[in-house]
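User: Could you walk me through the inside of this one?

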Amino acid sequence: MQLKASIDYALRAVIYLAMEGKVVSSKRISEEIAVPRDYLIQLSQLLRNAGIIDAKAGKNGGYVLAKDPQKISFLEIIRAIDDATKPVKADPIKGSAASGSGAEPPLVEGIHKALDLAFSSFDAYLDGITIDMLVRCAKDAENVDVYLGEQLIKEGERLEAKAKGKPRHGGQGASGVIPSPSSVTVISSPAHDAAAVASTSEVPAVASTSPAAQVESKTELP
């Protein structure tokens with residue numbers, strides 16, 4: 001899975017703030033995680049709107065996490081930056097040329113149910129990956145697959161236990177949860193990878209009069 005540069009940058013910023021555990025200026029964040037400062041300010045505005053980070057004004061102002069890293073998920077950041085990345089389900093195909101009925105063909109209905117389960121399971125999977133997990137992985141990159149795999153198995157078991165009380169609709173996988181794999185390979189994005197620069201088409205121009213820039217101007221040292 002290849003992340004868009006905007007989501008990659010937002011993840012870097014949030015993980016870095018989680019590691020620091022305090023207010024950090026945009027200038028320092030930009031330097032430490034190799035993200036253009038103007039672009040970082042724009043992404044920070046989206047993260048603030050989602051309640052993931054806060055901006056502090058004043059001489060020692062900057063950005064800080066708005067809540068515990070254990071309560072911030074991978075999926076939450078994706079939706080904050082680009083909700084359009086969520087899979088779009090196809091419209092049902094009603095009826096058939098042969099029968100002329102208004103009902104959805106059994107095969108198509110089954111396919112759509114399977115896709116619904118796949119999409120919801122994918123969301124649940126990403127929602128089970130927290131910033132706290134990613135911080136631990138960043139600090140112990142050699143064992144990232146083992147650690148993250150164990151954590152996701154626990155999350156899968158929790159979701160499965162939660163789903164057991166729901167009514168079943170027949171067929172395999174009635175619990176509605178796809179167990180997490182025993183091993184997860186994570187393709188890391190180095191914090192100082194100069195090659196991971198967003199394209200011009202993806203990074204919108206920043207006007208010095210933008211609200212985000214005005215907020216940021218209050219947070220920097222003179």
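Analyst: What follows covers the nonpolar core and then the cavity. This is a predicted model, in which local features need pLDDT of at least 70, side-chain atom pairs count only at pLDDT 80 or more, and totals for chains, interfaces and linings use all residues. Residues are numbered from 1 along each chain as its sequence is written, and side-chain values use heavy atoms, with hydrogens and water left out.

User: Which residues touch the most other members of the largest nonpolar core?

Analyst: They are I29, L47, I52, I77 and I131, in a core of 40 residues; such a core joins buried (under 20% relative accessible area, 1.4 Å probe, protein chains only) Ala, Val, Leu, Ile, Met, Phe, Trp, Tyr and Cys residues through side-chain atoms within 4.5 Å.

User: And which helix gives the most to this core?

Analyst: That is α1, with ten residues.

User: What does I29 touch?

Analyst: Leaving out residues up to four places away in sequence, I29 touches A13, Y16, L17, V24, L40 and Y63, where contact means heavy atoms within 4.5 Å.

User: Switching topic, how many cavities of 30 Å³ or more turn up?

Analyst: The search of the whole structure finds one, and about 40 Å³ of space lies in the largest cavity. A cavity here is a set of points on a 1 Å grid over the protein atoms alone where a 1.4 Å probe fits but cannot get out, and lining residues have an atom within 4 Å of a point.

User: What lines the largest cavity?

Analyst: The lining consists of A13, L17, I29, L40, S44, L47, I53 and Y63, and α3 supplies the largest share, three residues.

Methods:
Buried means under 20% relative accessible area, exposed over 50%, partly exposed in between (1.4 Å probe, protein chains only). Helices (H or I, at least four residues) and strands (E, at least two) are DSSP runs, numbered from the N terminus. On a 1 Å grid over the protein atoms alone, a cavity is a set of points where a 1.4 Å probe fits but cannot get out, and a pocket is an open set with protein on both sides within 12 Å along at least five of seven lines; lining residues have an atom within 4 Å of a point. Grid points are joined across faces, edges and corners, and a volume is the space filled by probe spheres set on the points.
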